[in-house]
Amino acid sequence: MHDSVLVKRGLIDYHLPLLPLERKHVRKCIADSVHRNILSKGANPVMLGYEDFDGMVDVIEKQIYFFPEDTPIFSAFGCKKIDGQVLSEFRLPDFKHEL
């Protein structure tokens, strides 16, 4: 990175590497996504076949790859794919009204 043309010309001042998110942070992203995409639309955990909200978060968390293998606490992809997983897992019933 230090030999990059952008750095040599002064177009980039700082390079801040991003650290992987920990499991607790990913759970917060999942919870936020479930609230925003599912619960705010009028659904509730029981309606979707889950005992409670934490059960919904657990289902998504189990689909995410964490590393290292011996102590899997870091997410490989952070929160990037969570909205898609939530929308795929918790499909809302289609409330069509016939006239």
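Predicted model: local features only at pLDDT ≥ 70, side-chain atom pairs only at ≥ 80, totals over all residues.
In what order do the elements of the chain run from the N terminus on? I followed the chain and noted α-α-α-β-β-α. I counted 4 helices and 2 strands in the chain.

**Entry: overall figures**

I looked up how much of the chain is buried. Buried residues make up 25% of the 99 residues.

**Entry: the core**

Which residues have the most contacts inside the largest nonpolar core? I listed Ile 30, Val 34, Ile 38 and Phe 90, in a core of 17 residues. Helix H2 (23-37), helix H3 (53-61) and helix H4 (82-89) each supply at least two of the core residues. H2 gives the most, with 4 residues.

I picked Phe 90 and looked up its contacts, leaving aside neighbours within four places in sequence. Phe 90 is in contact with Val 34 and Ile 38, and also with Leu 48, Tyr 50, Met 56 and Ile 60. Two of these partners, Val 34 and Ile 38, I had already listed with Phe 90 for their contacts inside the core.

**Entry: helix H3**

I went through H3 and wrote down its buried residues: Gly 55, Met 56, Val 57, Ile 60 and Glu 61. Met 56 and Ile 60 are also on my list of Phe 90 contacts. What covers the buried residues of H3? My note says that the cover includes H2, strand E1 (66-67) and H4.

At the N-terminal end of H3 I found a cap, Asp 52. A side-chain oxygen of Asp 52 lies 3.4 Å from the backbone nitrogen of Asp 54.

**Entry: helix H4**

For H4 I noted Ile 82, Gln 85 and Val 86 as the buried residues. Why do I say that they line one face of the helix? Seen down the axis of H4, the buried residues fall within an arc of 100°, so they line one face. H2 and H3 are among what covers them.

**Entry: the disulfide**

I searched for disulfides and found 1 in the structure. It joins Cys 29 to Cys 79, with an S to S distance of 1.9 Å. Which parts of the chain does the pair link? I placed Cys 29 in helix H2, and Cys 79 in the loop between strand E2 (74-75) and H4. The two cysteines are 50 residues apart, so I wrote them down as distant parts of the chain. The angle about the S-S bond is 80°, and the link of Cys 29 and Cys 79 is right-handed.

**Entry: Arg 36**

My last stop was Arg 36, which lies in helix H2. Arg 36 is partly exposed, with a relative accessible area of 36%. Its side chain makes a polar contact of 2.4 Å with the side chain of Asp 32. Not counting residues up to four places away in sequence, Arg 36 touches Lys 41 and Asp 83. Arg 36 and Asp 83 are 47 residues apart along the chain, and 9.3 Å separates their C-alpha atoms.

Technical notes
Residues numbered from 1 in each chain as written. Heavy atoms only, no water. Core = buried A, V, L, I, M, F, W, Y, C linked by side-chain atoms within 4.5 Å. Buried < 20%, exposed > 50% of the residue type's maximum accessible area, 1.4 Å probe, protein only. Contact = heavy atoms within 4.5 Å. Polar contact = N/O pair within 3.5 Å; in protein donor to acceptor, adjacent residues only side chain to side chain. Arc of directions from axis to C-beta. Disulfide = S-S within 2.5 Å.
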